[in-house]
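The sequence and structure come first.

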Amino acid sequence: MKVLSRVFRGKFVAGLKRAFRAGQLVFRGCLEALASKEDFAAFLRTLFRQDWVVYAKPPFGGPQHVLHYLARYTHRVAISNHRLLSLQDGQVIFRWKDYAHGSKLRNMSVQAHEFLRRFLLHVLPKGFVRIRFFGFLANRRRGALLLQCQRFLAPRPAHCPSQAAPTVSLWLCPLCGGAMVVIERFSADEVASQTVEQGYDNTS
């Protein structure tokens, strides 16, 4: 918790510095003294003299519940078009799901400026983008294209080569009738040269 406290404090103070430099902070009443750069810097230094208390606890539904909740904002906009029912006399009527009462669909009517305020709460900060699928993962054709990809990538049965038929020897032994095995082949010139050499050996 101490590390989280320091990180949160540093991020918060850094945000205050950026807002002050951009002129986004307005000081009125007893805070008018902080409008000067030196007084504001002195005030920020006091924030580091004490530990900040950061309260964090595990989610009730577990990590999967958190991922499921966050996925609604990383993959989709805050509200789908089909949930918007009407806009009349500055009132926006939209459909919402009441999870506390069996996920029943109910209608809600709010002022247009309040609807815009709620919608802008779900706009991602600068540098973040929503996840979008394209190609065979696009929502409109994902069901058909995924099945087609699975057919193309399905393992095909391995081709089993047929066993070669045993070769029948064309030469049989004149004594026992067994098959003769070829050990070495000679050309006519090699046979003639060996015959001549053997003749020289016999005459020596």
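## Nonpolar patch

The model is predicted. On its surface, Ile131, Phe133, Phe136 and Leu137 make a nonpolar patch of about 340 Å².

One member of this patch, Phe133, sits in the loop that runs between α4 (112-120) and α5 (142-153). Phe133 has a relative accessibility of 40%, so it counts as partly exposed. Partly exposed is the class between buried, under 20%, and exposed, over 50%.

## Positive patch

A patch of positive charge is also present on the surface, where Lys11, Lys17, Arg18, Arg21 and Lys37 gather. Helix α1, residues 2-21, gives the most to this patch: four residues.

Lys17 is part of the positive patch and lies in helix α1. Its relative accessibility is 40%, and Lys17 therefore counts as partly exposed.

How many disulfides does a search of the whole structure find? The search returns zero. A disulfide is a covalent bond that joins the sulfur atoms of two cysteines. For the search, a pair of cysteine sulfur atoms has to lie within 2.5 Å to count.

Is Cys30 buried or exposed? Cys30 counts as exposed because its relative accessibility is 77%, and the cut-off for exposed is over 50%. Cys149 has a relative accessible area of 27% and is therefore partly exposed.

Technical notes: Residues numbered from 1 in each chain as written. Predicted model: local features only at pLDDT ≥ 70, side-chain atom pairs only at ≥ 80, totals over all residues. Heavy atoms only, no water. Patch = residues over 30% accessible without salt bridge, like charges linked within 9 Å, V, L, I, M, F, W, Y side chains within 5 Å. Areas by Shrake-Rupley, 256 points an atom, 1.4 Å probe, with all protein chains shown as cover. Salt bridge = Lys/Arg side-chain N within 4 Å of Asp/Glu carboxyl O. Helix = DSSP H or I, 4+ residues; strand = E, 2+ residues; numbered from the N terminus. Buried < 20%, exposed > 50% of the residue type's maximum accessible area, 1.4 Å probe, protein only. Lys, Arg positive; Asp, Glu negative; His and termini not counted. Charge placed at Lys NZ, Arg CZ, Asp CG, Glu CD.
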